[in-house]
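Q: Please give me a close look at a single part of this structure. Then place that part in the whole chain.

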Amino acid sequence: MDMEGICFQIITCVGSAKSCYVESIGLAKEGKIDEARAKIGEGDQYFLEGHHVHAELIGQEASGNPVPASILLIHAEDQLMSAETAKIYAVEFIELYAKLYEKGLA
C-alpha cells in the first residue's frame with residue numbers, strides 16, 4: 001500500500017474510534033452505562049487497528065527505511081492522538097455518570 005493509503009487507513013480507523021468514544025459519553029448521559037462501556041470497547045478495536053498500522057511505520061523507520069514526512073501523515077498522527085485523548089475523557093465521563101446515576105443525582 002502506498003503512503004497515502006496508509007495515512008488514510010490510520011485516519012479512518014482512529015476516526016471511527018473517536019466517534020465511538022464520543023458516542024459512549026452520550027450513552028452514559030442517558031444512563032446506559034453498560035452500553036457506554038461496550039462502545040468504548042468497540043472504539044478500542046478501531047483504535048488498535050489504526051495504532052498497528054502506525055506502529056508498522058515506526059518499525060519501518062527503526063529498520064533504517066525512512067518514512068517520508070507529509071502533511072497527511074502529520075494529520076493521521078494528530079487524529080491518532082486526538083482519539084486517544086477522547087478515550088481518556090470518555091472513560092472519565094462514563095465513571096462520573098455512573099456515580100451520579102448510582103446516587104440518584106442524574
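A: The buried residues of α3 are Leu 73, Ala 76, Gln 79, Leu 80, Ala 83, Ala 86, Ala 90, Ile 94, Tyr 97 and Ala 98. Buried means under 20% relative accessible area, exposed means over 50%, and partly exposed lies in between (1.4 Å probe, protein chains only). This is a predicted model, where local features need pLDDT of at least 70, side-chain atom pairs count only at pLDDT 80 or more, and totals for chains, interfaces and linings use all residues. Residues are numbered from 1 along each chain as its sequence is written, and side-chain values use heavy atoms, with hydrogens and water left out.

What do the buried residues of α3 pack against? They pack against α1 and α2. Contact here means heavy atoms within 4.5 Å. Helices are DSSP runs of H or I with at least four residues, strands are runs of E with at least two, and both are numbered from the N terminus.

Now the length. α3 has 32 residues. From first C-alpha to last, α3 reaches 46 Å, close to the 46 Å expected at 1.5 Å a residue. That expected span is 1.5 Å times one less than the number of residues in the helix. Just after α3 comes Gly 104, with a positive phi of about 70°.

Turn to α1, one of the partners. Helix α1 covers residues 3-29, which makes 27 residues. Its span from first C-alpha to last is 39 Å, close to the 39 Å expected. Buried residues in α1 include Ile 6, Ile 10, Val 14, Ala 17, Cys 20, Tyr 21, Ser 24 and Leu 27. Their cover includes α2 (33-62) and α3 (71-102). Gly 31 follows α1, and its phi is positive, near 85°.

Why does Ile 6 count as buried? Because its relative accessible area is 15%. Leaving out residues up to four places away in sequence, Ile 6 touches Met 1, Val 53 and Leu 57.

Lys 39 lies in helix α2. Lys 39 counts as buried because its relative accessibility is 14%. With residues up to four places away in sequence not counted, Lys 39 touches Cys 20, Glu 23, Ser 24 and Leu 27. Lys 32 lies in the loop between α1 and α2. Lys 32 is partly exposed, at 35% relative accessible area. Lys 32 and Tyr 21 are 11 residues apart in sequence and 14 Å apart in space, C-alpha to C-alpha.

Last, the whole chain. The protein chain has 3 helices and 0 strands, in the pattern α-α-α. Its C-alpha trace spans about 55 × 20 × 20 Å along the principal axes. Of the 106 residues, 31% count as buried. Among contacts between residues at least 6 apart in sequence, 77% join residues at least 24 apart.
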